[in-house]
Amino acid sequence: MAATEITLDRPAADAVDSADCCAPGGGGLAPEAAVDVARTFKALADPARVRLLSIVAAADAGETCICDLTEPVGLAQPTVSHHMKLLVEAGLVTREKRGKWAYYAVAPQARSLVERATQAALAPAAAGGI
């Protein structure tokens with residue numbers, strides 16, 4: 001069977017003005033804003049952290065003890081603690097220590113934090129950073 005040549009309906013590379021095709025459309029995010037957006041996305045980039053956040057969000061009492069988070073995700077307690085620490089640092093959950101246990105709740109600003117991070121990454125000119 002013969003190979004079919006595919007032609008694209010566009011001008012040759014030397015016929016395109018490089019100023020038209022290579023110039024960025026805008027300034028994008030400021031470096032500091034990119035760090036903030038990346039922190040949010042990094043916290044949500046791990047499936048275990050996404051599951052942990054969803055378990056905490058689904059808790060009937062509005063909060064969950066660390067002791068109840070290990071079994072559903074099948075991870076050791078130190079690993080779950082590490083994941084929860086990253087979620088706290090990203091501002092997605094809050095932590096309250098009671099005796100030897102830590103209790104986690106979804107941070108009040110979690111939804112708006114994720115929405116603002118997404119908006120900033122996808123439409124930096126409109127978002128003006130986060």
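The protein chain exposes about 8800 Å², and carbon and sulfur atoms supply 56% of that area, as computed by the Shrake-Rupley method with a 1.4 Å probe. This is a predicted model, in which local features need pLDDT of at least 70 and side-chain atom pairs count only at pLDDT 80 or more, while totals for chains, interfaces and linings use all residues. Residues are numbered from 1 along each chain as its sequence is written, and side-chain values use heavy atoms, with hydrogens and water left out.

The chain has 7 helices and 3 strands, which are DSSP runs numbered from the N terminus (helices: H or I, at least four residues; strands: E, at least two). From the N terminus on, these elements follow the order α-α-α-β-α-α-β-β-α-α.

Of the 130 residues, 25% are buried, that is, under 20% relative accessible area (1.4 Å probe, protein chains only). The largest nonpolar core has 20 residues, among which Leu 69, Met 84, Leu 87 and Tyr 104 touch the most other members; such a core is a set of buried Ala, Val, Leu, Ile, Met, Phe, Trp, Tyr and Cys residues joined through side-chain atoms within 4.5 Å. Two or more residues of this core come from each of α3 (47–58), α5 (77–89), β3 (101–106) and α6 (110–122), and α3 gives the most, with 4 residues.

Strand β2 (residues 93–98) pairs with β3 in the antiparallel sense over 6 bridges, where pairing requires that DSSP finds at least two bridges between the strands. Tyr 104, in β3, is the bridge partner of Arg 95. In this hairpin, with 2 residues between the strands, Gly 99 takes a positive phi near 65 degrees.

Methods: Buried means under 20% relative accessible area, exposed over 50%, partly exposed in between (1.4 Å probe, protein chains only).
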